[in-house]
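Hi,

Here is the structure I promised to pass on. Please open it alongside this note, and my notes on what turned up follow below.

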Amino acid sequence: MSTTQKPFGEPVPLLDLKAQYASIKKDIDAAIARVVDSQHFILGPEVEALEKSIATYSGCAHAIGVTSGTDAILVALMALDVKPGDEVITSPNTFVATATCIARLGAKAVFVDIDPVSYNLDVSKLERAITKKTKAIMPVHLFGQMADMDAVMAVANKHALPVIEDAAQAIGSEWNGKRAGAWGAMGCLSFFPSKNLGAFGDAGAVVTNDDKFARTVKLLRSQGQEPKYFSKIVGGNFRIDALQAAILSAKLPHLDGWTAGRQKNAAFYRKRFTELGVDANASRPSKSQPLTLPREGKNVRHVYNQFVVRSIDRDGLKKRLAEQGIGTEIYYPQPMHLQACFASWGGMPGDFPEAEAAANESLALPVYPELSEAQLDTVVRATLAHR
Ligand SMILES: *Cc1c(COP(=O)(O)O)cnc(C)c1O
């Protein structure tokens with residue numbers, strides 16, 4: 001690789017967590033030292049402090065810190081008593097954890113195709129997916145942009161169905177001024193290192209405005225015990241580490257600044273790509289417009305966990321950018337209905353054409369806040385050279 005010419009500039013990774021750590025090293029190191037000195041590793045004041053600030057940040061009454069985003073989804077579904085025979089409606093264009101949590105409880109995921117512009121579930125197709133077995137609706141706010149939650153909630157309320165938001169990629173995102181996680185019965189956040197608020201390992205949270213769900217999720221994450229050694233319900237060990245909580249508390253005050261950086265980078269991409277001939281309003285790539293840009297909905301605060309373009313030759317583009325030292329990723333190459341692990345649900349190619357097209361065409365470009373304009377410009381020129 002070192003002999004490959006790089007005519008477009010220096011290599012650009014998809015994500016550079018070292019740059020972020022360097023910018024706040026003192027605060028993070030102090031937070032870690034505080035927990036190590038206290039030797040208080042499970043729940044306690046660090047976790048409570050984080051939960052308070054995450055709840056406030058999300059516009060919710062409660063946040064419950066858990067082991068991961070996946071476990072946030074699992075305990076939220078457990079709190080709704082999702083069980084064998086139930087159906088949960090969700091998006092086929094998501095990370096596999098959304099659907100595996102449904103499967104792990106013996107329930108079935110019923111998919112609704114996505115809207116090709118937002119990548120979130122197409123709410124006009126939601127109502128016809130509801131059956132007598134439907135137990136919940138779980139929209140996914142993909143890439144940092146929320147689903148149309150006014151429309152989701154209207155359908156859910158009409159059928160008296162609870163909504164769980166998979167907000168793993170969308171902390172701080174808003175639909176009509178209301179934050180991700182604050183709309184449904186519960187919202188699920190992930191603090192996986194590549195998410196907008198990343199821990200130093202796995203962590204997540206359930207946010208809710210409902211006192212009863214908050215209490216149940218708290219019970220579930222600690223073996224259903226209340227008091228200790230007396231279990232009311234079957235739970236598990238889904239507790240967030242105090243160490244992760246302290247690190248996340250040190251990072252949270254920076255999140256809005258990082259989000260502004262991501263938004264600025266997205267705006268830069270949009271400006272440069274359109275200056276160089278890309279139609280910012282095209283939603284699907286075609287022979288005449290081989291590359292399209294992500295579009296931001298009118299009612300959203302998009303937090304750009306990912307900046308996803310579409311290309312008629314996505315795999316060629318990815319390869320070509322890799323040769324230039326530019327990191328990209330495909331989110332996601334295989335929709336849920338075609339995953340081998342869900343074969344028993346009977347999904348077939350062609351079932352969800354928009355999700356399948358997105359899987360074949362989409363590519364995430366680097367958008368992390370520490371990128372320089374020179375790096376962004378390198379990505380734009382290398383991307384367009386391939387077109
Ligand atoms: C990251 C992610 C999850 C899972 O979160 P983890 O913290 O990695 O367990 C679930 N759903 C979506 C959409 C995600 O992006």
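How far is an oxygen atom of the ligand from an N or O atom in the side chain of Thr70? The distance is 2.5 Å. Before going further, please keep in mind that this is a predicted model, in which local features need pLDDT of at least 70, side-chain atom pairs count only at pLDDT 80 or more, and totals for chains, interfaces and linings use all residues. Residues are numbered from 1 along each chain as its sequence is written, and side-chain values use heavy atoms, with hydrogens and water left out.

Back to the ligand. Gly69 places a backbone N or O atom 2.8 Å from an oxygen atom of the ligand, and a polar side-chain atom of Gln169 is also 2.8 Å from a ligand oxygen atom. On its own the ligand has 380 Å² of accessible area, and the protein covers 94% of this (areas come from the Shrake-Rupley method with a 1.4 Å probe; for residues, only the protein chains shown count as cover). There are 15 residues around the ligand, and Gly69, Thr70, Gln169, Ser190 and Lys195 come nearest (a residue is near a molecule or strand if one of its heavy atoms lies within 4 Å of it). Helix α3, residues 69-79, gives the most to this shell, with 3 residues (helices are DSSP runs of H or I with at least four residues, strands are runs of E with at least two, and both are numbered from the N terminus).

Ser190 also belongs to a strand worth a look. Strand β8 (residues 186-190) is largely enclosed by the rest of the structure, because 5 of its 5 residues are buried (buried means under 20% relative accessible area, exposed over 50%, partly exposed in between, with a 1.4 Å probe and protein chains only). In a regular strand the side chains alternate between the two faces of the sheet. In β8, Met186, Cys188 and Ser190 are buried on one side, and Gly187 and Leu189 are buried on the other. Strand β5 (residues 164-166) runs parallel to β8 and is joined to it by 3 bridges, with Ile164 opposite Met186. Strand β9 (residues 204-208) runs antiparallel to β8, with 4 bridges between them, and there Ser190 stands opposite Gly204. Two strands pair if DSSP finds at least two bridges between them.

Another antiparallel pair is β12 and β13, joined by 4 bridges. Arg310 stands opposite Ser362 in β13. From β13 (residues 362-365), Ser362 and Ala364 point one way and Leu363 and Leu365 the other, and all are buried.

Finally, some backbone details to check on your screen:

- The peptide bond from Glu226 to Pro227 is cis, with omega near -5°; Pro227 is in the loop between α6 (211-221) and α7 (242-251).
- The peptide bond from Tyr331 to Tyr332 is cis too, with omega near 5°; Tyr332 is in the loop between α9 (314-323) and α10 (353-361).
- Tyr119 is not a glycine, yet its phi is positive, at about 70°; with a relative accessible area of 5%, Tyr119 is buried.
- Tyr304 has a positive phi near 45°; Tyr304 lies in the loop between β11 and β12 and counts as buried at 1% relative accessibility.

Conventions:
Polar contact = N/O pair within 3.5 Å; in protein donor to acceptor, adjacent residues only side chain to side chain.
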